[in-house]
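Please look at the model below.

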Amino acid sequence: MSFEWKEIEEKWRREWEKARIFEADPDPKREKCFVTFPYPYMNGPLHLGHGFTATRVDVYARYKRMRGFNTLFPWAWHWTGEPIVGAALRVKSGDKEIIRALKEIDGVPEEELKKFVDPVYMARYYTSEGKEAVKKIGFSIDWRREFHTTSLEPTYSRFIEWQYETLRKKGYVVKGTHPVVWCPHCKSPTGDHDRLEGEGVSAEEYTLLKFQFDDAYLPAATFRPETIYGVTNMFLNPDATYVEAMVDGEKWIISKEAALKLSEQLKRVKVLREFKGSELIGKYFVDPISKRKLPILPGWFVDPESATGVVYSVPAHAPADWIAIKDLVNKPDVLRRFGIDPEVVKSIKPISLIEVDGYGEYPAVEIVEKMGIKDQFDPRVDEATSIIYRKEFHTGILKPITGKYAGKRVQDVKSELIEDFKEAGIADSMYDLPEKVVCRCTTRCIVKVLSDQWFLRYSDPDWKQLAHEAIDRAKIYPEAARAYFHDKIDWLHDWACARRTGLGTPLPWSPGWIVETLSDSTIYMAFYTIVKHIRKHDIRAEQLTNEVFDYIFFGEGDPEKLAEASGIDAEVLEEMRREFTYWYPVDLRVSAKELVPNHLSFFIFQHTALFPRELWPRAIGVNGMLAIEGKKMSKSKGNFLTLSNAIDKFGADVTRLTLMLGAEDMDDPDWRVENARSIDSKLRGLYRFINEIIGLRGDSEEKSIDRWLMSAIQGRIRVVTEAIENLKTRTAAEVALFEVWNDIRWYLRRAESPNPKTLKEAVEIWIRLLAPFTPYLCEELWHLLKKGEFVSTAEWPSYDESKIDVKAEESENMIRDLMADTGSIIEVTKMTPKKICYYVASGWKWKAYLEMMRKSLSAKVEMGAIMRELMKAPDLRKEAKRVSAYVGKTLQEINTMSVDQKKRRLEAGELNEKALLNEAKRFLEREFKAEILIYSEDDPQRYDPKKRASLAKPYRPAIYIE
């Protein structure tokens, strides 16, 4: 029985669209659920990473819809910022790398590629392709609410203008002087999502320690200014270009790149001359603290792009410095080439200035030896540096060599020391990027200090406190992400909210600036609630005044007066207000963990700034980053798969389920083709399997095994329901597919004549449990069951406690365990059994077993105490010797059993094991192809040549095989 995925998918997508089952309107009689996925950037096609996160949202939305919630899952497209413009510029310039990727990975036809020089055309192309992919994968979207960002969607742009004018009025947007990541080409701040490389990297402030060299200074950048007390030499890159420059009236020697950076940081910089670093190698500088003359040595590891390109050396506390000196000692010819006597380098001794637990005088020397680091190119140098830095900063105590700072912890004295050094004229500061950042236009970014830029005041302690409160009030999935949010909220600084280039909404009060990518994507969920009314009533952007938005979102103003001023009917205004207040707040937003430091935190900040507490987000889900075949997804490296291509190759349901089985919480999923093929095979098998079950006819008397199946499935309903509620999507998918399948397989294997009624009821539950994960297949199977409604809107299976039969479940577990024990004996003995005898435990053993179980619920059971209790029963007293031997063998098993398992067995009570095994006798004979004989332990007529019967225990019948 074969079928084509595409045929089923197209059929049910048409039916869904025709019935408009995913369009959600306010219904005061129903509880609502409003879920969102961050709108994707349209500088490329949707990829499997988008698919992973958005499928998690859709699983939750579909589940809630089946639970009876009025569920809204809208979708939009992000066109803002530099990503699209940058890509278009690269196409225009003939960039071979991006043109190859667009053709080979994105599948852009040659005739379309020519038009990609227009960023708006590119955005429209990818939006069209993206919408088709979202429809193909079966996301349950209300498309009436679709929009895209930027001034090309004037009503949305007006919404952003209102948002920023309101934030400014409330004091959250201010003009100030701050360092920003800056693109010299675009002449704009470059936010995380405007970058080709370096997402998450921010400006860091370095202390510049000024070392005298003739009539100039060599300013060396550091995060550890206290280490100046241990300086032994300096490193410059002989091949790099340095400059002499006047910086704020002082002559500095710095890299050519540093001169440009400093000129962008409100410093007056005039370059006097350029020269190679080799010119200074072998010369001496003066340490401003001790006034010692110290040598300048060659260091090819010094990066002229990093800070000032000047590095001072502290070999006692910096592993890289110690390794570099050791390397030079072993290269005397290199030193002589620069006119340096090798003895000068040999004579350099580390100077200890910090006492740190676990290390001696020279921590850097010790860790290099301990880790076996061979040279400065060993990748573990960075790890060693990080270990020493953290240890010294947090626990290190400064030694007497540091003068008045001696006896203090490094972290406590750092700020004081910097201020003292600046007052003494031996320190300054600059900003730089700790890692390379590249703008979407392909220009390497720098740090610029802006004095006339608009910033969001994320550093404001009061605003941070509101954001912390919002995180504390919300459900966070997984719970471990809550601390991550709090950490990033504390870490956030003021954020440049506007840039000069790219697509976007103009900053309303500052012509020439547009609201940047991460700043116009924070509260747009509110726009979803009203955009259908804007379209339905053909409302123009100029009608959406600030006062209109204040009424819709804040309830301020009189709709009659607003109608007169704006030209929008009062009834329409009231309708929009009702729609917003019905859907808000957002019930769940899900995104990847890399967006916690920016987008998701900004989402929280701005909701707290603009809305009352009752409209703050209720829940946020955070997930991992998708890899492909074990490697990070990368378009430039060809390790990339578009969502559309995955669906075309494997089908929507296979793609969805493979993604959902990949990971949950913040673990990183790994897409592997072999997994997708395996899921394809399993779903095709599922289709055949359920078709066979549907074909069964007739009815039969309900037996223990029927009660077992329905009881087991109730447990599956509970686990799947709880898992989806907590966004444990992998757990839910695993249980819904594999565990239920195993239950039904076992039932078919066990039952003498499977009951069609039981199977049909089980299958109806199974299809509904799988529907959020594989909606197309489940619609088809639901239709085959002759159900008139869509499975997408069918009622979610309810956990029915009345169908829980613990006795039936424990009975079946006993039979399974007995089969496993029997199989183990056969495997070990290598025999082919002709006869298998089972001996079930005596009634007195059951009585003792259950009493021990009861006592162990509250405390560990001791031999003496339980024997005294058991001996109170006359029938057990008669068997005192046997009871004592049995208790001794059973006590440890009971004491180590889980409380849940004890409660289940107590609820099940004594099993009639003989009757159960007799009912299962023909099944056991089929399984083991042997005669099965069943006896009570004390049956005088039993066949027991090896005296096995006395070994019988409750739940563990004794076994004899011949």
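The buried residues of helix H1 (under 20% relative accessible area, with a 1.4 Å probe and protein chains only) are Trp 5, Ile 8, Glu 9, Trp 12, Arg 13 and Trp 16. These residues cover an arc of only 125° around the axis, so they sit on the same side of H1; the arc is that of the directions from the helix axis to the C-beta atoms. An α-helix has 3.6 residues a turn, so residues three or four places apart point the same way. Lys 6, Glu 7, Arg 14 and Lys 18, on the other side of H1, are exposed, meaning over 50%.

This is a predicted model, in which local features need pLDDT of at least 70, side-chain atom pairs count only at pLDDT 80 or more, and totals for chains, interfaces and linings use all residues. Residues are numbered from 1 along each chain as its sequence is written, and side-chain values use heavy atoms, without hydrogens and water.

Helices (H or I, at least four residues) are DSSP runs, numbered from the N terminus. Among the partners that the buried residues of H1 pack against are H23 and H28, where contact means heavy atoms within 4.5 Å.

H23 (residues 652-660) and H28 (residues 775-784) have axes that come within 7 Å and cross at roughly 120°. Axes are lines fitted to C-alpha atoms, for helices over the stretch in contact, and angles run from 0 to 180 degrees between N-to-C directions. H23 and H28 are therefore oblique to each other; angles under 35 degrees count as roughly parallel, over 145 as roughly antiparallel, 65 to 115 as roughly perpendicular and the rest as oblique. Ala 652, Asp 653 and Arg 656 of H23 meet Pro 775, Tyr 776 and Leu 777 of H28.

Helix H16 (residues 481-491) packs with helix H21 (residues 596-610) at an angle of about 85°, which makes H16 roughly perpendicular to H21.

Methods
Helix = DSSP H or I, 4+ residues; strand = E, 2+ residues; numbered from the N terminus.
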